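Please have the sequence and the 3D view at hand as you read.

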Amino acid sequence: MVKQLYVKCISREIMKRQERIDRLELMMTFVRIVESGSLSAAALLLGTTQATVSRRLQTLETLLGAKLLLRSTHAMKLTDDGERCFHHSQALLAGWQSLEDELKNADEEPVGVLRVRAPHAFGQEQLLVPLTEFLMAHSKLSVEWMLNDKSVDFLAENIDCAIQVGTETDPANVSVLLAEVPRIVIASPELLARYPEVKEIKDLAALPWVALSTFYQHEVTLTHAATAEVYRLPIAPRLSSDSLYAVKGAALTGLGAAVVSAWVVRDELAQGRLVNLLPDWQAAMLPVRLVYPHARYQPARLCKFLALMREVMPGLSGVQAPKKSRP
């Protein structure tokens, strides 16, 4: 009887001690062990001793009732339970960090690093100035501004958000429509001088073409602004490229006509170096979206950046505010 009472008292004391254990600290330590590859390296990262790291690992294993790591003198390997624990711990720690950011920084200065992917041409010419002004206004924030036109894998590439122009978005992500980009048919005066005058839509068939392979390759589809008539023109491009700059450059040399975003050729049109062919006929406008993964909480830096994009995007040169009827 006395022995049973003693065991119960000890059990209660153990439970009380476990209740006081900082489980987030234990998970953080475990994640650092796995990421760094050893207990000693994790200790350096956490600013503590190897003995403390070992003790936290043992405590976590005791709490979970599972062996998480298999260790030898020269190697360390996750068990199946350890693998599951590692992924769950990463998700829980990320959620906690987001919660802290949401509650602490919602009305304060955004802090930390925001990793943003943007299309090369658009991110370089249209958004760099508002981005730098944004950073000058928020001294505790840094941005990694990655410019390329490839689709983004948010998890694998550790990217917080992406500005996407014209691309289909994954329904698993949040997609915010910011603006729309008109597209026009352009050609150089030198090219037009070598071919019959373009008076009607069918006259475009006589011209050679340059294709922006991201959006069109073998056919150009144009719509009349007043009548909504649709015209489809098969093309065999002399040059195809996924670079908007390359397509514009090729059009400037007189290699062929092209369909481009209106903003990228505004200066060349004003200078007479390019001509807007049949202004009543345009390609479908390209949507501009800010896309980011679904999460219960979003850090203040992402919320502030989204607010910036909502504010500045419709006012950029050659860009229009989205129509409310569009998704």
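## Ground rules

Helices (H or I, at least four residues) and strands (E, at least two) are DSSP runs, numbered from the N terminus. This is a predicted model, in which local features need pLDDT of at least 70 and side-chain atom pairs count only at pLDDT 80 or more, while totals for chains, interfaces and linings use all residues. Residues are numbered from 1 along each chain as its sequence is written, and side-chain values use heavy atoms, with hydrogens and water left out.

## Serine 241

Let's start in strand E10 (residues 239-241), where serine 241 is found. Serine 241 counts as buried because its relative accessibility is 15% (buried means under 20% relative accessible area, exposed over 50%, partly exposed in between, with a 1.4 Å probe and protein chains only).

Leaving aside residues up to four places away in sequence, serine 241 touches Ala211, Leu212, Ser213, Thr214, Ala246 and Val247. Contact here means heavy atoms within 4.5 Å.

## Aspartate 203

Next comes aspartate 203, in the loop between helix H9 (189-192) and strand E7 (210-212). Not counting residues up to four places away in sequence, aspartate 203 touches Glu197 and Val198. A polar atom of the aspartate 203 side chain also lies 2.8 Å from the backbone nitrogen of lysine 199.

Two packed helices are described by the angle between their axes and the distance between the axes. Axes are lines fitted to C-alpha atoms, for helices over the stretch in contact, and angles run from 0 to 180 degrees between N-to-C directions.

For helix H2 (residues 23-36) and helix H4 (residues 50-64), the axes come within 9 Å and cross at roughly 115°. That makes H2 roughly perpendicular to H4 (angles under 35 degrees count as roughly parallel, over 145 as roughly antiparallel, 65 to 115 as roughly perpendicular and the rest as oblique). On the H2 side, Arg23, Glu25, Leu26, Thr29, Phe30 and Ile33 meet Val53, Arg56, Leu57, Thr59, Leu60 and Leu63 of H4. The residues of this contact of H2 with H4 comprise seven nonpolar, two polar and three charged (Ala, Val, Leu, Ile, Met, Phe, Trp, Tyr, Cys and Pro count as nonpolar, Asp, Glu, Lys and Arg as charged, and the others, Gly among them, as polar).

## Helices H7 and H12

How do H7 and H12 compare by the numbers? The axes of helix H7 (residues 128-137) and helix H12 (residues 300-312) come within 11 Å and cross at roughly 135°. That makes H7 oblique to H12. Pro130, Leu131 and Phe134 in H7 meet Lys304, Phe305, Leu308 and Val312 in H12. By class, the H7 contact with H12 has six nonpolar, no polar and one charged residues.

Notes
A polar contact is a pair of N or O atoms within 3.5 Å; within protein, one must be able to donate a hydrogen and the other to accept it, and residues adjacent in sequence count only if both atoms are side-chain atoms.
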